[in-house]
Amino acid sequence: MKAHLPFKMHLLDLPGTDIILKIIGYLSPTDWLHFRIVCKQTYFLVHEYFKYMKYLDVSHHQVFPQSLCQILPLQCHSLQFFKISNSNAFSDEAIKNILQNNHNLTHLDLSNSNLRNGALQPLVVNCKKLENILLKNCFWLTIGAIEILAFHYPEAIKVVDFSGCTGISEASIVCFIKRQPKLKSLSLSDLSCLQDETLIVISQSCPQLIYLDISRCCRITDSGIKKFGEYCHTVRTLKVDGCPEVSERGLSSLRLRGVWIDKVQYPSYLLHRLNQIQTWPRTPL
């Protein structure tokens, strides 16, 4: 009797391309390149995967293949989620191509990127479904760019992060916020231009706001926090750590409503003792 040889199936023998495309989704970017050059069929399959890929997150890759940075902007046409925070892999031109080719984009995260302001120009023309835009520590962001975003995305944006964008002004932020009643999450930390008036605008313009981060905004005071609490009844998280003019006088009513606040709440007796120490007369050395 002849011994039966073990049956071996090649990856490309799998029925239908859908299964193979799902498998490609589990590969690393480097593996995409390796699989792409196996043969003509794998080359086609990888490019087909790029064409219908909806999610691209480069932020957790310490080293991203440079050749892919040239291929993906031309091949991706179905992205809904694009994140390159903490990565300088993509050039301005590559970002422009991605924004031009992906009309269904809803989430864009360019935080900590080193781009030029012009990289966002195709965004307002081609990505009309945008809901989340995160630009934390994008020092290249300008006042004009914020105003353009405000007028091209009226009543559309739900999540925004402009933290650390030192090139923008309080007026441009106010202009943007007034046109975004669907905002649920707003991060404006490390912006010294913000004042109490901004909080009043936020509370009156964003009836669905759940999360607000104004950490290390040194010009925000208890007065602004109190006004914000009076008008905004939906907020669940408030980050004010590093705001020297914000104390329990402004935060107490929000805490009573169950709002989570990152600033430590000291016992009342300790606060009274600290106030006494601060008012003690100082003797000259």
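Predicted model: local features only at pLDDT ≥ 70, side-chain atom pairs only at ≥ 80, totals over all residues.
1. Aromatic pairs. A pair of aromatic rings is described by the distance of the centres and the angle of the planes. Counted by that kind of rule, the model has seven aromatic pairs. In one of them, Trp32 and Phe50, the ring centres are 5.3 Å apart and the planes stand at 75°, so the pair is edge-to-face; the angle needed for that label is over 60 degrees.

2. Position of Trp32 and Phe50. Trp32 belongs to helix α2 (residues 29-36) and Phe50 to helix α3 (residues 40-52), so their pairing ties together parts that are 18 residues apart in sequence. Trp32 has a relative accessibility of 6% and therefore counts as buried. For Phe50 the value is 0%, so Phe50 counts as buried too.

3. Phe64 and Phe90. These two rings form a tilted aromatic pair, with 5.9 Å from centre to centre and 40° between the planes. The pair links distant parts of the chain, 26 residues apart. Phe64 sits in the loop between β1 (55-57) and α4 (66-75), and Phe90 sits in the loop between β2 (81-83) and α5 (92-101). Phe64 and Phe90 are both buried.

4. A ring cluster. Which residues do ring pairs link into a cluster? They are Trp32, Tyr49 and Phe50. Two of these names, Trp32 and Phe50, are the edge-to-face pair of point 1.

5. Helices α8 and α9. The axes of α8 (residues 170-177) and α9 (residues 196-205) come within 10 Å and cross at roughly 5°. That crossing makes α8 roughly parallel to α9, because angles under 35 degrees are classed that way. From α8, Glu170, Val174 and Ile177 take part in the contact; they meet Thr198, Val201, Ile202 and Ser205 of α9. By type, the residues of this contact are four nonpolar, two polar and one charged.

6. Thr237. This residue lies in strand β8 (residues 237-239). Is Thr237 buried or exposed? Its relative accessible area is 19%, so Thr237 is buried, the limit being under 20%. Leaving out residues up to four places away in sequence, Thr237 touches Ile210, Tyr211, Leu212, Val259 and Trp260.

Methods: Residues numbered from 1 in each chain as written. Heavy atoms only, no water. Axes fitted to C-alpha atoms, helices over the stretch in contact; angles between N-to-C directions. Helix = DSSP H or I, 4+ residues; strand = E, 2+ residues; numbered from the N terminus. Parallel < 35°, antiparallel > 145°, perpendicular 65-115°, else oblique. Contact = heavy atoms within 4.5 Å. Nonpolar A, V, L, I, M, F, W, Y, C, P; charged D, E, K, R; others polar. Buried < 20%, exposed > 50% of the residue type's maximum accessible area, 1.4 Å probe, protein only. Phe/Tyr/Trp six-rings, centres within 6.5 Å; stacked < 30°, edge-to-face > 60°.
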